[in-house]
Amino acid sequence: MIFRKHIPTYPLSQYIEHIIYANGPQHFPYLMELPDGRINLVIELRDHTTNTLFTEASFTKGDTAEPGFTGEHTMKHGWISGANAKAIVYKNNKDSAILSIRFAVGGFYALTKIPMSEIIHPGLEIELLLGSSFSRLYQRLVNETDIDKNFCHIESYFQNYIQNNSFETSVVKFIHTNIHQPIDWLVSRSGYSQKHLIHMVKKETGFSPKYLQRLQRFQNVLGSLRQASGQVNWASIANEHAYFDQSHFIKEFIHFTGLSPLEYFNRSLASEHNKLLTDIQLF
């Protein structure tokens with residue numbers, strides 16, 4: 001498998017964390033995209049390839065059990081994902097070459113000024129949001145054989161959206177940087193009322209500050225699991241990340257992934273790929 005990760009230059013790096021190119025088969029039936037408050041713009045470079053994602057996954061007990069999926073969406077050229085409160089699942093497509101653009105929290109809105117309320121479901125075709133300008137970009141990408149030049153095409157496209165660099169000092173950046181602080185502290189330091197702050201953050205990220213805190217804690221748990229080897233002390237993990245008790249921890253984990261922590265941990269060991277990315281896991 002060919003895998004390349006590109007970090008945009010400043011100031012675009014304030015809005016886009018990385019761009020990934022992936023091409024080649026992986027011998028796993030599914031890819032799970034985990035929620036963390038960020039958006040991906042996924043571009044399929046093979047013009048006639050169709051991809052499928054599911055917004056709901058039901059995993060039965062047992063590592064080899066066949067999962068069931070609902071909320072099916074099919075996509076071709078380019079689509080939005082990541083703007084989801086829970087994990088989504090892709091059917092692994094072996095005839096696929098992908099460019100995935102990972103936006104910072106609030107970065108997609110800061111560039112395009114498209115409210116998150118317009119992204120009605122994961123898998124929404126990006127052309128519906130960005131129009132003919134994306135169509136022109138897409139043609140450049142599919143006709144280009146040099147991966148580095150494709151990274152440059154994407155950077156050039158989104159650089160044109162930057163009108164000023166106010167995002168660096170925006171409320172959403174402040175909330176994300178200080179997401180570990182209590183809500184009352186965030187409200188008082190933001191200079192806005194709680195109601196207005198929630199409205200702004202939901203408009204720009206799709207989530208309330210409280211839900212972003214839940215996502216951040218979940219991601220911190222995943223970070224602990226990536227560092228674990230062999231046996232995991234689940235009670236210690238729950239306590240370290242300030243869950244009420246182990247039952248609360250398990251309930252939250254299932255809410256975000258559809259899997260128990262142990263089932264997720266066992267499946268995540270299946271591929272070396274799972275150590276490279278924090279937002280996509282092969283199952």
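Modeller: Before we start, contact here means heavy atoms within 4.5 Å. Also, this is a predicted model.

Colleague: Fine. Which strands does helix H3 lie across?

Modeller: Helix H3, residues 132-142, lies across strands S4 (40-44), S7 (78-81) and S9 (97-103). Its angle to S4 is about 55 degrees.

Colleague: And what is the strand order in the open sheet?

Modeller: The order is S1-S2-S9-S4-S7-S10, six strands with antiparallel pairing. S1 (2-6) and S10 (124-125) are the edge strands; each has a single partner, so one side of each has no neighbour in the sheet.

Colleague: How many bridges between S1 and S2?

Modeller: 5 bridges, in the antiparallel sense, with S2 covering residues 16-23. His 6 is opposite Ile 19 of S2.

Colleague: Switching to packing. Which residues touch the most other members in the largest nonpolar core?

Modeller: That core has 35 residues, and the ones in question are Ile 16, Ile 43, Leu 99, Ile 101, Phe 103, Phe 108 and Phe 158. Elements giving two or more residues to this core include S2, S4, S9 and H3. Helix H4 (147-159) gives the most, with 5 residues.

Colleague: What does Phe 108 touch?

Modeller: Leaving out residues up to four places away in sequence, Phe 108 touches Ile 39, Ile 80, Phe 103, Lys 113, Ile 114, Ile 119, Ile 126 and Leu 129. Another core, of 34 residues, lies apart from the largest one and includes Val 187, Leu 197, Leu 215 and Phe 218.

Colleague: What does UniProt place at residues 169-267?

Modeller: The unreviewed entry has "domain: HTH araC/xylS-type" there. In the model that span is 73% helix and 0% strand, with its end C-alpha atoms 39 Å apart.

Key:
Residues are numbered from 1 along each chain as its sequence is written. This is a predicted model: local features need pLDDT of at least 70, side-chain atom pairs count only at pLDDT 80 or more; totals for chains, interfaces and linings use all residues. Side-chain values use heavy atoms; hydrogens and water are left out. Two strands pair if DSSP finds at least two bridges between them. Helices (H or I, at least four residues) and strands (E, at least two) are DSSP runs, numbered from the N terminus. Axes are lines fitted to C-alpha atoms, for helices over the stretch in contact, and angles run from 0 to 180 degrees between N-to-C directions. UniProt positions are given in the numbering used here, feature names are shortened, and annotations may be inferred rather than shown by experiment. A nonpolar core is a set of buried Ala, Val, Leu, Ile, Met, Phe, Trp, Tyr and Cys residues joined through side-chain atoms within 4.5 Å. Buried means under 20% relative accessible area, exposed over 50%, partly exposed in between (1.4 Å probe, protein chains only).
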